[in-house]
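These are my notes from going through one model, entry by entry. I wrote down what I looked up and what came back.

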Amino acid sequence: MSHSASAHRHTLPFNLASLGLPKASALLATLALAGCQATEAQNKPLATPDFGEQVIIMDPSMPAEEVQNKLDAIFKLQESNQFGPERYAVLFKPGVYHNKVRLGFYTQLLGLGQFPDDVMLQGGIQVEASWHDGDATQNFWRSVENLSVTPDNGTMQWAVSQASPLRRIHVRGNMLLDDNGGWSSGGYIADSLVDQQINSGTQQQWLTRNATIGSWTNENWNMVFVGVKNAPESKNWPNPPYTVVEQTPLVSEKPFLTIDGSGHYSVFVPALRKNSQGVSWQETHVPGANLPLDKFYIAKAATDTSSTLNAALSAGKHLLLTPGIYKLDAPVQVKNPDTVVLGLGIATLLPTAGNVALSVADVDGVKISGVLFDAGEKNSEVLLQVGDKKSAISHAQNPIALHDVFFRVGGAAVGNATHSVIINSNHVIGDNLWVWRGDHGNGIGWATNKTKHGIIVNGDHVTMYGLFVEHFHDYQTLWNGEYGEVYFYQSEAPYDVPDQQSWMNGSTNGYASYKVADHVKHHKAIGMGVYCFFDTNTSVKLNSAIEAPSGPDIHFDHITSVSLGGTGEITHVLNDQGDKANDKNYVSRIIRQ
């Protein structure tokens, strides 16, 4: 571009005729000037989208010390900040980083590459529980996605419990899933490659889905592997208690934020996979849809309301929820098919008027991912509702999916919700749900954080990978739909039952954790663990961990009940089958029905 053209560009508008150019030459001059403008625009770096202050973007050109200082500052704030309002997402642009990350509460690490190995974290990631005397059973609400990790000592330590997923990562070494002997109660890893050995340590249970691992060692009660290459042998369950399902029947991986070489951000939505094993990203071209970020409304908790979010959805936008707590006085309503609602940094939806936090219409292909639903003080009938009512509408070709969707009733403050999630639609895929009535923190008590069920499934052909439901007053899980499938279930009965009379289902002691309705004819559940810890009154008994009708198409495989430390009793495992789990026999098991 000549200096004269540049000078003319900066003095626009001007009269082309005054330059003495004929009309054709004037047109060419106009095009040339436009070309100069386009060239300059292309050469300018793209402006980073306004993700807000709680999204920290790392660039490999930054000094390692600067990156480390930012990471350490977040960890210092979040290490023990179990119920605080702060939320953070740390995004790594493609490149190599010589840093070690210690990861605390409400923090997400996300690589922005097309593939995990596009971001190489050479130093490692560490989660331990020194803040809680080595007990990792309260290490919740954090995640790592879409990057590779080279641990500085050869082992990535990930001592976590529920709501702490690892997705789409490549660990170039070993993994340890506890804090060197302290208890942990996880957990979930999916679509990931671990080159060497995973040592589960004291983990009480764990789900590994669509992964490739070097090997696995250690176990406790319920270790489930679905679609995993090099999964351990499972012939002699429960010695060891490994449950292996060779292929994952039907799943779509979680959408994720990414950036291309030109600096354009987008959200990649992986395609549906059937009968799969191993990771989804081994091919050069991964099937799926790339949605430019301009198709998303970038939401901010400090300024957005139910009205602004619904206006964006009505205009056909997807939602990118940046980190924070969104206080909602009316439901956020997802009505358009294929809408993506993607949370960063454990984005939290909190209803303030006894309302539903988010409702999904009975439409194809909606994806809700990376969101924590937190009950407000005024009781909500339900926090998340998928489908207005039970219908015959099929979503078989384009299922609705829920990825890393978590629910909390009490803990941060007084919270009340009759039900946390109700699924009315058919063909819904749940992929790592933790549905939790708080057992510690603020606003906790039998008559304080009041509930009924954790999850109700009314839809048909609903599939769950990793369903964790804990401490609700009635059935934790009530399954009314046909052709339901569950791969890994973990549940604890409510700790705080004051006495047996307060917790009776008619003349039956307590409410089963997992109830399949009497009318259901087709159901399958594999790899289930139900635990009790009646510490308020150790004489309390739960008659049966699971209640279900019997029939040729009702199948349960590998079920475990546990009385934690012998604190209370689960009398039967399934209906009237199975031995007692109590202070004389902590663990009881049934291979299959």
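**Entry 1: ground rules.** I take helices (H or I, at least four residues) and strands (E, at least two) as DSSP runs, numbered from the N terminus. I am working on a predicted model, in which local features need pLDDT of at least 70 and side-chain atom pairs count only at pLDDT 80 or more, while totals for chains, interfaces and linings use all residues. Residues are numbered from 1 along each chain as its sequence is written, and side-chain values use heavy atoms, with hydrogens and water left out.

**Entry 2: Pro 60.** I found Pro 60 in the loop between β1 and α3. For accessibility I use relative accessible area: buried is under 20%, exposed is over 50%, and partly exposed is in between (1.4 Å probe, protein chains only). Pro 60 has 32%, so I list Pro 60 as partly exposed. I count a contact when heavy atoms are within 4.5 Å. Leaving out residues up to four places away in sequence, Pro 60 touches Lys 93, Pro 94, Gly 95, Val 96 and Tyr 97. I also looked up the separation from Trp 434: 374 residues in sequence and 34 Å in space, C-alpha to C-alpha.

**Entry 3: Gln 82.** I placed Gln 82 in the loop between α3 (64–78) and β2 (88–92). Is Gln 82 buried or exposed? Its relative accessibility is 7%, so Gln 82 counts as buried. Beyond its neighbours within four places in sequence, Gln 82 contacts Phe 105, Tyr 106, Trp 131, Gln 138, Phe 140, Trp 141, Arg 408 and His 440. The side chains of Gln 82 and Gln 138 are joined by a polar contact of 3.0 Å. By polar contact I mean a pair of N or O atoms within 3.5 Å; within protein, one must be able to donate a hydrogen and the other to accept it, and residues adjacent in sequence count only if both atoms are side-chain atoms.

**Entry 4: helix α4.** Which residues of α4 (306–314) are buried? I noted Ser 306, Leu 309, Asn 310, Ala 312 and Leu 313. Viewed down the axis of α4, these buried residues fall within an arc of 160 degrees, so they line one face of the helix. The arc is taken from the directions from the helix axis to the C-beta atoms. They pack against β22 (296–299), β23 (318–321), β24 (325–328) and β25 (332–334). On the face turned away from the buried side, α4 carries the exposed residues Ser 307 and Ser 314. After α4 comes Gly 316, with a positive phi near 90 degrees.

**Entry 5: salt bridges.** My rule is a side-chain nitrogen of Lys or Arg within 4 Å of a carboxyl oxygen of Asp or Glu. How many salt bridges does this rule give? The count is 21.

I looked up Lys 300 and Asp 50, whose side chains form one at 3.7 Å, N to O. This pair links distant parts of the chain, 250 residues apart: Lys 300 is in the loop between β22 and α4, and Asp 50 is in the loop between α2 (23–43) and β1 (55–58). Asp 50 has 54% relative accessibility and so counts as exposed.

Glu 66 and Lys 70 also pair, at 3.7 Å, N to O. Both lie in helix α3, four residues apart, about one turn of the helix. Glu 66 is partly exposed at 34%, and Lys 70 is partly exposed at 33%.
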